[in-house]
Amino acid sequence: MKWIILLSFLFVGTAENDFAEPANEQKKLMIDAVNSIRGKGCYCGKRYMEPVQPIVWDGILYKSAFTQAKEMKDFNFFAHFSKDGLNIGERLQKAGYNWMVAGENLGEGQKTFEEVLHDWLKSYQHCTMLMHPRVEEMAVAKVDKYWVQHFGKKMPEKNKQQNPITKKD
């Protein structure tokens, strides 16, 4: 397919030392691919997931996804936690994304977005994240062999994220 070659080329050209987002055409290809699945519904394992609303790209989610992908490359690890032990919610909050719903898919070694998306669809947990009815935004970053897809729904402006861990003197 022609767009796979374009997608691979664009990822190769992404700078690893800054948060430069993918080209608009590339973002559109990724969003369209995910929204096509979300719009039709699909099976995640044996469970049928009903169609859900489309999602849009978010720059803050990209920044957090890129940060995780770069950190995994730089420190040679593969995990849903940062090297400092922060989970997805903590990392999104640190990036400035005041979230109500947060999620993350990781991939390693796939050459194209089509490949990593196919692998995510074969995994029950990754697939159900792709089909989560409450997420409204996403972004995908690739650094070297590491893929990070972040999902979110922002907290309404009038609300603030509460830190579930409180320290007492």
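This is a predicted model: local features need pLDDT of at least 70, side-chain atom pairs count only at pLDDT 80 or more; totals for chains, interfaces and linings use all residues.
Let's get the overview out of the way. The protein chain has 6 helices and 6 strands. If you read along the sequence, the pattern goes α-α-β-β-β-α-α-β-α-α-β-β. There are 169 residues in the chain, and 44% of them count as buried. The chain exposes about 9600 Å², with carbon and sulfur atoms supplying 55% of that. And if you take the contacts between residues at least 6 apart in sequence, 67% of them join residues at least 24 apart.

In what order do its strands come? The order is β3-β5-β6-β4, 4 strands in an open sheet, and the pairing is mixed. The edges belong to β3, residues 56-57, and β4, each with a single partner strand, so one side of each has no neighbour in the sheet.

Let me go across it pair by pair. β3 and β5 pair in the parallel sense, over 2 bridges. If you want to find that on the screen, look for Val56, which stands opposite Glu137 in β5. Helix α3 packs on the sheet and touches β3, β4, β5 and β6, and its direction makes about 30° with that of β5. Helix α4 packs on the sheet too, touching β4 and β6, with its direction at about 110° to that of β4.

Next pair over: strand β5, residues 137-143, and β6 are antiparallel, with 7 bridges. Val140 is the one standing opposite Gln149 in β6. These two strands form a hairpin with 2 residues between them.

Is β6 buried or exposed, then? Mostly covered: 7 of the 9 residues in β6, which is residues 146-154, are buried.

Now the cysteines, which I guess some of you have been waiting for. How many disulfides do we get? The count comes to 1 disulfide. Cys44 is joined to Cys127, with S to S at 2.0 Å. Cys44 sits in strand β1, residues 42-44, and Cys127 in helix α6, residues 124-130, so the bond ties together parts that are 83 residues apart in sequence. The torsion about the S-S bond is about -70°, so this is a left-handed disulfide. Both Cys44 and Cys127 are buried.

There's another cysteine to talk about here, Cys42. Cys42 is at 13% relative accessibility, so it counts as buried.

At 1.5 Å a residue, the 17 residues of α2 should span 24 Å, and the C-alpha atoms at its ends are 24 Å apart, which agrees. Quite a list of α2 residues is buried, including Met30, Ile31, Val34 and Ile37, and also Gln26, Lys27, Asn35 and Arg38. Just after α2, Gly41 takes a positive phi of about 85°.

Where is Asn76? It's in the loop between α3, residues 59-75, and α4, residues 88-95. Asn76 has a positive phi of about 50° without being a glycine, and with a relative accessible area of 61% it is exposed. Then there's Asp144, in the loop between β5 and β6, the turn of that hairpin I mentioned. Phi of Asp144 is near 60°, again positive in a residue other than glycine. Asp144 is partly exposed, with a relative accessible area of 43%.

Technical notes. Residues are numbered from 1 along each chain as its sequence is written. Side-chain values use heavy atoms; hydrogens and water are left out. A disulfide is a pair of cysteine sulfur atoms within 2.5 Å. Buried means under 20% relative accessible area, exposed over 50%, partly exposed in between (1.4 Å probe, protein chains only). Two strands pair if DSSP finds at least two bridges between them. The expected span of a helix is 1.5 Å times one less than its number of residues. Contact means heavy atoms within 4.5 Å. Axes are lines fitted to C-alpha atoms, for helices over the stretch in contact, and angles run from 0 to 180 degrees between N-to-C directions. Accessible areas come from the Shrake-Rupley method with a 1.4 Å probe; for residues, only the protein chains shown count as cover.
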